[in-house]
Amino acid sequence: MMEFSPSRRGLVFSGTANLELAEDVAELLGTKLGDVEISTFANGEIYTRFNISVRGADCFVIQSHSNPVNHHIMEQFIMIDALRRASARTITVVAPFFGYARQDKKVRAREPITARLLGDLFVTAGADRIVSLDLHTGQIQGFTTIPFDHLTALHLFVDYLSTSMPGPPVIVAPDSGRVKLAERYATHLGAEVAFAYKRRRTDARNKVETLWVVGEIEGRHAVIVDDMVDTGGTLVSAAELLERRGAASVRAISTHGVLSGPAINRIKGSNLEELVITNSLPMTEEARSLDKIKVLSIAPQLAETIEAIFKDRSVSELFRGENI
Ligand code: R5P
C-alpha cells in the first residue's frame, strides 16, 4: 500500500488594513507575509491575486476591520475567495478587530444583526475558521457554524496594570456590557469593582451620558475597562463622573483603539491620566503623538494562536481558559 506523508505548509497573508501588525506576527512566526497583490480599480472595486501557489496550504488572512471598515472587510472576503479557488487546504480569517461586532442584537424594532451577517458572509466566502480578539460580546462566536477562536488581551493588560498602578485600584465597568470583564480584572488585581450607568442618545450615534456609578471610588485609582474606544464619549463621560466621585486618578484600558471622529481631542482634553490600548487597529500619527495613549502589542498572542491552530494545539490554554 502506498503511504502518504504529507508535510503541511502554513502561509500568512495580510490585507492592507494593518500591515505593521501583520508583519510583526509573521516575524514572530519566523516567516514573512505571503506575496499577494491587492489593488483598487478607479471605481473602488478591489482586485487581489496571490503571487505564490497556495494549493494544499493552511492559509491565515490577517485583516483588522479598521476605517474604511467596509472596504477592509470586502478585501478580506475577496482574498478568501481567491484562496478557495486556488485550492488552499484551510483558510483562517484573522480579524483582530471584528467589524460590526456592536450590532450583535436588536435593541429596537426593525434593526439588523450585522455581526451575524458578517459571520455568514465569511463562511460564504470560504473561511474554515475565524480568529478574533476581545469581541464586543462572546456570543458572536456562535454566529457561524465554523470554529471561532476568541483571544483576549486580559493578561497583557493585567501584567501592565500590576506593575504600574500608583495605589489601590477600583476597576470600573463603563456600562452594563462590561460588568463581567471588570469583575475578571478585579479578581486578577485583587481590586474593588464599580459599575457605571450610561445612557446613549437614540437621536444621535456616539452621544453618551454617564449618569451614575455604583461602588467605592473615593481615594481609589480608577481603571475603566472597555472593549473599544470609538469616539471616546463613553470613556470621557465616565472619567468625569469618577473624578467628581473622588477618584484619586482615572485611567482606562481598552483592547481596540478605534479612535474615530472627536476621540483624540476628547482624550487630550480629559482628566484621563492614560489610555492603554493594543495595536489591533492601525493608529493615525495624531494618535501616536499623544503621550496619554500607551500601546501594547498583541502580536505575540496572535502569533502563538496561529501556531497553535496550525499545530492542532489548544488555544484556550494560551489564555488560561479565560478567552470566553
Ligand atoms: C459599547 O457598548 C462599547 O463597549 C463601547 O463602550 C463603545 O462602543 C465606545 O464607543 P464611544 O467611544 O464612541 O463611546
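Ser237 counts as buried in this predicted model, because its relative accessibility is 12% and the cut-off for burial is under 20%. You will find Ser237 in helix α6, which covers residues 233–244. Leaving aside residues up to four places away in sequence, Ser237 touches Val208, Glu209 and Thr210.

Those contacts lead us to strand β10, which spans residues 208–214. On the surface, Tyr197, Leu211, Trp212 and Val214 form a nonpolar patch with about 390 Å² of accessible area together. Strand β10 gives the most to this patch, with 3 residues, and Trp212 is one of the residues lying in that strand.

Now step back to the sheet that holds β10. Here 7 strands form an open sheet with mixed pairing, in the order β10-β9-β8-β11-β12-β13-β14. Strands β10 and β14 (293–296) stand at its edges, and each has a single partner strand, so one side of each is left without a neighbour in the sheet. Ignoring direction, neighbouring strands of this sheet are turned by 25° against each other on average.

The partner of β10 is worth a visit too. Strand β9 (residues 192–200) pairs with β10 in the antiparallel sense over 6 bridges, and Ala196 stands opposite Val213 in β10. Helix α5 (residues 179–189) packs on the sheet, where it touches β8 (169–173), β9, β11 and β12. The direction of helix α5 makes about 165° with that of β8. Helix α4 (residues 154–164) lies across β11 (221–229), β12 (249–257), β13 (275–278) and β14, and runs at about 145° to β13.

Strand β9 also contains Arg200. This arginine counts as partly exposed because its relative accessibility is 40%. For a sense of distance, compare the C-alpha atoms of Arg200 and Ala82: they are separated by 41 Å, and the two residues are 118 apart along the chain.

Let us turn to charged pairs. Side chains of opposite charge can pair when their charged atoms come close. A search of the whole structure finds 20 salt bridges. In one of them, the side chains of Asp227 and Arg178 meet with an N to O distance of 3.7 Å. Asp227 lies in strand β11 and Arg178 in the loop between β8 and α5, so this pair ties together parts that are 49 residues apart in sequence. Asp227 counts as buried at 5% relative accessibility, and Arg178 is buried with a relative accessible area of 5%. Elsewhere, salt bridges that share partners join Arg8, Asp58, Arg89 and Asp312 into one network.

Other salt bridges show other surroundings. Lys105 and Asp104 meet through their side chains at 3.4 Å, N to O. Lys105 is partly exposed at 45% relative accessibility, whereas Asp104 is buried with a relative accessible area of 5%. Glu111 forms a salt bridge with Arg108, and their closest N and O atoms are 3.7 Å apart. Glu111 counts as partly exposed at 25% relative accessibility, and Arg108 counts as partly exposed at 44%.

There is another sheet to explore. This open sheet of 5 strands has parallel pairing and the order β1-β4-β5-β6-β7. At its edges stand β1 (10–14) and β7 (148–151), each with a single partner strand, so one side of each is left without a neighbour in the sheet. Neighbouring strands here are turned by 20° against each other on average, direction ignored. Within the sheet, strand β5 (residues 90–95) and strand β6 (residues 129–133) pair in the parallel sense over 4 bridges. The bridge partner of Ala95 is Ser132 in β6. Helix α9 (residues 299–310) lies across β1, β4 (58–62), β5, β6 and β7, and runs at about 155° to β4.

Our last stop is a hairpin. Strands β2 and β3 form it with 5 residues between them, and Gly44 in the turn has a positive phi of about 100°. Strand β2 (residues 36–40) and strand β3 (residues 46–50) pair in the antiparallel sense over 5 bridges. Across this pairing, Glu37 stands opposite Arg49 in β3.

Terms used:
Residues numbered from 1 in each chain as written. Predicted model: local features only at pLDDT ≥ 70, side-chain atom pairs only at ≥ 80, totals over all residues. Heavy atoms only, no water. Patch = residues over 30% accessible without salt bridge, like charges linked within 9 Å, V, L, I, M, F, W, Y side chains within 5 Å. Areas by Shrake-Rupley, 256 points an atom, 1.4 Å probe, with all protein chains shown as cover. Salt bridge = Lys/Arg side-chain N within 4 Å of Asp/Glu carboxyl O. Helix = DSSP H or I, 4+ residues; strand = E, 2+ residues; numbered from the N terminus. Pairing = 2+ DSSP bridges. Axes fitted to C-alpha atoms, helices over the stretch in contact; angles between N-to-C directions. Contact = heavy atoms within 4.5 Å. Buried < 20%, exposed > 50% of the residue type's maximum accessible area, 1.4 Å probe, protein only.
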